[in-house]
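Reader: I have a few labels to check against this structure. Can we take them one at a time?

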Amino acid sequence: MQIDVIGDVHGCLEELHELFHALGYNQKDGIFVHPDGRIPVFLGDITDRGPFSIGSIKIVYDMVVVHKQARYVPGNHCNKLYRYFLGNNVQERHGLETTTAEYTALPKSEQTKIRNEFIELYETAPLYLEMPEVEAVVAHAGIKESFIGRTDKRVKTFVLYGDITGRFHNDGRPIRRDWALDYQGNRWIVYGHTPVKEPRIVNKTINIDTGCVFGNKLTAFRLPEEKIVSVPSRQPLIEEKFRYFD
């Protein structure tokens with residue numbers, strides 16, 4: 001098995017197309033297929049903030065559910081959109097408002113189709129992916145070694161939001177522990193969630209959310225080759241959105 005884990009897309013559909021081309025995929029019947037049978041793995045947060053969230057839902061749904069040519073794990077933005085589509089009272093902010101604006105502008109019949117497709121995509125997705133063929137675990141915000149194999153509430157919170165402390169920065173962002181420093185496992189943990197300027201490798205973990213929606217780049221991590229491939233963002237750079245580590 002050969003996989004290409006793709007970092008947080010956040011509605012940056014044009015960059016996603018460019019990344020697939022950079023990875024050697026061919027476009028066929030509206031989806032991307034690799035001639036060598038490589039499997040794309042979407043790392044969650046496919047919507048919100050960027051310009052083409054509805055298009056991102058369509059391509060991921062088609063590749064994962066319809067054609068079974070890709071895999072997907074949900075992120076925290078996916079979880080919030082799922083709750084919105086279920087009719088829950090969620091606040092349309094922190095990026096969700098861009099997706100709902102696109103969604104409500106659609107004809108009613110198209111709204112129903114997109115809503116049903118995303119609910120199916122979300123409900124059939126694993127919380128995280130164990131991929132022993134390439135000795136890796138793919139989880140949106142990462143996962144502790146002791147959590148692998150569990151799907152309880154504590155693990156779900158960690159996988160979607162990271163190692164949160166319950167405290168917040170002045171700008172409202174949650175304060176998170178740097179869990180990767182303590183990881184001692186032999187499998188790669190491939191994750192995103194926290195935007196970084198360059199893919200961050202610590203022990204055998206790699207954060208590939210390189211903040212495409214904030215103007216940096218969209219990144220994939222190829223396994224078993226352990227190769228990083230990125231394409232530049234078309235969005236304006238918002239420097240303060242990136243986290244820097246000592």
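Reader: At what angle do helix α3 and helix α4 pack, and how far apart are their axes?

Author: This is a predicted model. In it, α3 (residues 76-85) and α4 (residues 96-104) pack at an angle of about 40°. Their axes are 11 Å apart.

Reader: What makes the contact of α3 with α4, residue by residue?

Author: From α3 come K80, L81, Y84 and F85. They meet L96, T99, T100, Y103 and T104 in α4. These residues divide into 5 nonpolar, 3 polar and 1 charged.

Reader: How do you know that strand β13 is largely enclosed?

Author: Buried means under 20% relative accessible area. In β13 (residues 217-223), 7 of the 7 residues are buried, so the strand is largely enclosed by the rest of the structure. Both faces are covered. K217, T219, F221 and L223 lie on one side, with L218, A220 and R222 on the other.

Reader: What makes β1 and β14 partners of β13?

Author: Pairing needs at least two bridges. Strand β1 (residues 3-6) has 4 bridges to β13, and the two run antiparallel. Strand β14 (residues 227-232) has 6 bridges to β13, also antiparallel. Both therefore count as paired with β13.

Terms used
Residues numbered from 1 in each chain as written. Predicted model: local features only at pLDDT ≥ 70, side-chain atom pairs only at ≥ 80, totals over all residues. Heavy atoms only, no water. Buried < 20%, exposed > 50% of the residue type's maximum accessible area, 1.4 Å probe, protein only. Axes fitted to C-alpha atoms, helices over the stretch in contact; angles between N-to-C directions. Contact = heavy atoms within 4.5 Å. Nonpolar A, V, L, I, M, F, W, Y, C, P; charged D, E, K, R; others polar.
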